[in-house]
Amino acid sequence: MPQHTAPQKNEPVIIREQANPYRDCIQGLANQPITVVRLLRDAVNENPVVARDRTFNVPEIHDIVGRLVENRPRVAIIAGAPDHPAHLLDRPQALMAAIRIWEQGGVPFLFHVPVICDGTAQNNIGQSYSLVSRNNTAAAVNITFEGHSYHAAYVIAGCDKSPAAVVAGLAAADLARAHRGDQAPVWAVFAPSHVLKGGEIPDGTRRLLNKIADDADHAGHDDLGGDIRENMRYILQCTSDEAFAGLLERARLIGVIDSATERRVLDELAAATCDLEGRHLCV
């Protein structure tokens, strides 16, 4: 098996393998270059850093065709689904990665995989699908990676299940290539998605929680009052919200608050946990 050594300076990276579906079959060569052009065009148009700090010229179709025929590294950027908070900012990261892959001599592609949020799935039928989603994601990665004959992956890793799922999908592709006798293995690098601080309890909600804790103390339930104050010490995220839900239910059951107050506090906490601009996202 030939060795894939690092090229000398200014020498293009070529994957040394006999089979090249983009050279040997015209259909892929006809289909895929436009996806690369669109990806890089979006990277320039949507990325203010590129526009402000340096000029990046989007390659012409024939430049991409040339790289594919040469068997330059075809790198799949694997991102998560934007309905998962931990993957909400994957797109700007993926677009920056696409530019760097092209600048380093490769050919970038982008695809997304489904990722189930455990927080969303908690305490409902969704939990029945949360763990099994790992197998679904692994299959999606394997099918897409093999189906489009990528060489390498730049993985934007998010919640706990998706990195393991992507590893499984890529490992299956690598095993299949070894079994077929393919000359090039699968390469991959994992980069963390955004992991930002949690939210903050609004001042008005904090005052109300303190009052509920005090009322619990006066009603002879200082254990509940202490638990509420303890939970207020932590950052606001979906798990601490869930703890508040249990504490507020206890307060309602012993008559410290009514159901309307319970609902009001829960709604205020939920609204403050995840910021629309991506500053405070639960992961």
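The notes that follow take the strand, then its partners, then the residue.

Before starting, I noted that this is a predicted model, in which local features need pLDDT of at least 70 and side-chain atom pairs count only at pLDDT 80 or more, while totals for chains, interfaces and linings use all residues. I also noted that residues are numbered from 1 along each chain as its sequence is written, and that side-chain values use heavy atoms, with hydrogens and water left out.

I looked up strand β1 (residues 74-79) and found 6 of its 6 residues buried, so the strand is largely enclosed by the rest of the structure. Here buried means under 20% relative accessible area with a 1.4 Å probe, protein chains only, and strands are DSSP runs of E with at least two residues, helices runs of H or I with at least four, numbered from the N terminus. I checked the directions too: Arg74, Ala76 and Ile78 point one way from β1, Val75, Ile77 and Ala79 the other way, and all are buried.

I then followed the pairing, which requires at least two DSSP bridges between two strands. β1 runs parallel to strand β2 (residues 107-112), joined by 6 bridges, and Val75 has Pro108 as its bridge partner in β2. With strand β3 (residues 152-157), β1 pairs in the parallel sense over 4 bridges, where Ala76 has Ala153 as its partner.

Last, I turned to Thr137 in helix α9 (residues 132-147), which counts as buried at 3% relative accessibility. Leaving aside residues up to four places away in sequence, I found Thr137 touching Val113, Pro114 and Ala165, contact being heavy atoms within 4.5 Å.

Key:
Buried < 20%, exposed > 50% of the residue type's maximum accessible area, 1.4 Å probe, protein only.
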